[in-house]
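Open the model in your viewer and keep the selection panel at hand. The tour moves from one selection to the next.

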Amino acid sequence: MSKKNGSLIGLWMAFVLVALPCTSALAAPPVQAKKPPAAAAPAKGAMTQLIQAAKNEGSIVSYGLPNSWVNYGGLLQGFTKEYGITHKDTDMDSGTIISTLIAEASAPVADTTDLGLAFAKLVEDKALSKPYMNSHWAEIPGYAKDPKGRWSAAFYGVMGFLVNADKVKNVPKTWEDLLKDEYKGTLCMKNPRSSATAQMAVLGSAFAHGGSETNVQPGLDYFKKMVDRGIPNGVSPSSANIQKGECPITVQWDFEALRNKDQNPNMNLQVVIPSDGTVAGLYIQFVTAGAPHPNAAKLLLEYEYSDKGQLAYADGFVHPIRTSVKLPAPLLAKFPPAAAYKSVHFPKDYVALDKAGSAIAEGWALIAK
């Protein structure tokens with residue numbers, strides 16, 4: 001889906017035009033003052049009031065939540081069925097979502113959206129959200145939420161490889177494996193100068209080589225070796241060219257890889273989480289600052305973080321942020337085993353993550369000369 005592929009560099013250009021299973025301990029519940037803050041989730045009795053207020057609003061408008069993106073179609077169908085609230089979405093890439101929210105500040109249209117964690121700093125700096133802490137706030141790890149309730153992440157993906165084992169004799173298990181001569185001309189990936197997904201792939205390799213969101217150079221050095229050895233084949237991956245066999249090895253999010261595998265049961269596709277290290281990509285949700293239907297937006301957040309919502313996300317092959325939610329055995333069996341995810345690193349510094357994408361895009365310009 002295009003929305004998650006906008007680069008941070010492109011986002012800043014847009015500003016000029018318009019304005020101008022988790023490895024960390026769960027965070028403790030927020031301390032309640034004598035008078036609950038506006039961001040606090042409703043108490044049990046107040047939940048009934050929230051539901052009624054949302055039903056009175058009757059509808060909700062989103063940006064960048066199309067049916068195909070991490071099973072938002074199934075999630076929103078369940079939400080509408082349960083509460084009778086209609087939904088309208090306009091699909092946009094991340095940069096367009098941000099610039100549109102800024103442009104519409106005086107006459108807001110959207111109530112909610114979904115963005116990569118790298119955009120959290122911009123959401124804060126541009127005051128694009130209305131603080132709200134859902135009922136499951138205490139279960140969300142500290143690095144996956146804003147202490148003031150301005151955003152939180154309901155799910156994450158993990159950077160990995162999709163391997164067509166009919167085309168590749170030896171399935172690579174690590175980033176280092178991919179540097180072998182036998183993989184020359186086999187690897188498909190997007191361009192880090194324009195794709196946030198590709199930037200996260202470079203960050204994933206950085207983690208595997210001692211780097212982090214504050215130090216992306218090991219990832220750039222690794223991909224310089226890969227390009228010099230002719231491993232990438234210059235093909236930008238898509239479901240179509242994966243089906244055609246044009247992408248023997250694809251670097252992509254595990255949820256994209258798992259979806260491709262699920263949709264092509266007759267192909268010998270294998271999903272690999274590199275054991276030498278990789279990165280998790282968290283996606284944040286929030287009520288927009290000027291939401292025309294604020295109660296419906298809050299109720300949708302409640303649904304997204306509920307057991308039903310978390311399982312709906314899992315049906316889209318992403319990982320629920322709430323580790324207490326257990327996947328049904330048939331669905332769990334479609335994922336790589338839990339042990340495969342021990343190599344996953346969760347970025348803790350979202351401010352640095354905001355800068356990492358630009359650093360990778362700039363560094364890639366030197367690699368691809």
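Start by selecting the buried residues of α10: Ala296, Ala297, Lys298, Leu299, Leu300, Leu301, Glu302, Tyr303, Glu304 and Tyr305. Buried means under 20% relative accessible area, exposed over 50%, partly exposed in between (1.4 Å probe, protein chains only). Helices here are DSSP runs of H or I with at least four residues, strands are E runs of at least two, and both are numbered from the N terminus.

A word on the source. This is a predicted model, where local features need pLDDT of at least 70 and side-chain atom pairs pLDDT 80 or more, while totals for chains, interfaces and linings use all residues. Residues are numbered from 1 along each chain as its sequence is written, and side-chain values use heavy atoms, without hydrogens and water.

Stay on α10. It is mostly covered, with 10 of its 12 residues buried. Its end C-alpha atoms are 17 Å apart, which agrees with the 16 Å that 12 residues should span at 1.5 Å a residue. The expected span is 1.5 Å times one less than the number of residues.

Show the contact (heavy atoms within 4.5 Å). On α3, pick Tyr72, Leu75, Leu76, Gly78, Phe79, Glu82 and Tyr83; on α10, pick Ala296, Leu299, Leu300, Tyr303 and Glu304.

Next, the largest nonpolar core, which has 115 residues. Such a core is a set of buried Ala, Val, Leu, Ile, Met, Phe, Trp, Tyr and Cys residues joined through side-chain atoms within 4.5 Å. Tyr72, Phe155, Trp175, Leu203, Phe223, Leu282 and Ile284 touch the most other members. Strand β5 (residues 152-164) gives the most to this core, with 9 residues.

Centre on Leu282. Its contacts beyond four places in sequence include Leu115, Tyr143, Phe155, Ile321 and Phe346.

Jump to Leu187 in strand β6 (residues 187-188). Leu187 is buried, at 0% relative accessible area. Gly234 is 47 residues away in sequence, yet 8.0 Å from Leu187, C-alpha to C-alpha. Leu187 touches Gly234, and also Leu178, Met226 and Val251 among others.

Last stop: Val216, in the loop between α6 (196-208) and α7 (217-228). With 10% relative accessibility, Val216 counts as buried. Beyond four places in sequence, Val216 touches Leu203, Ala206, Ala356, Ala359 and Ile360.
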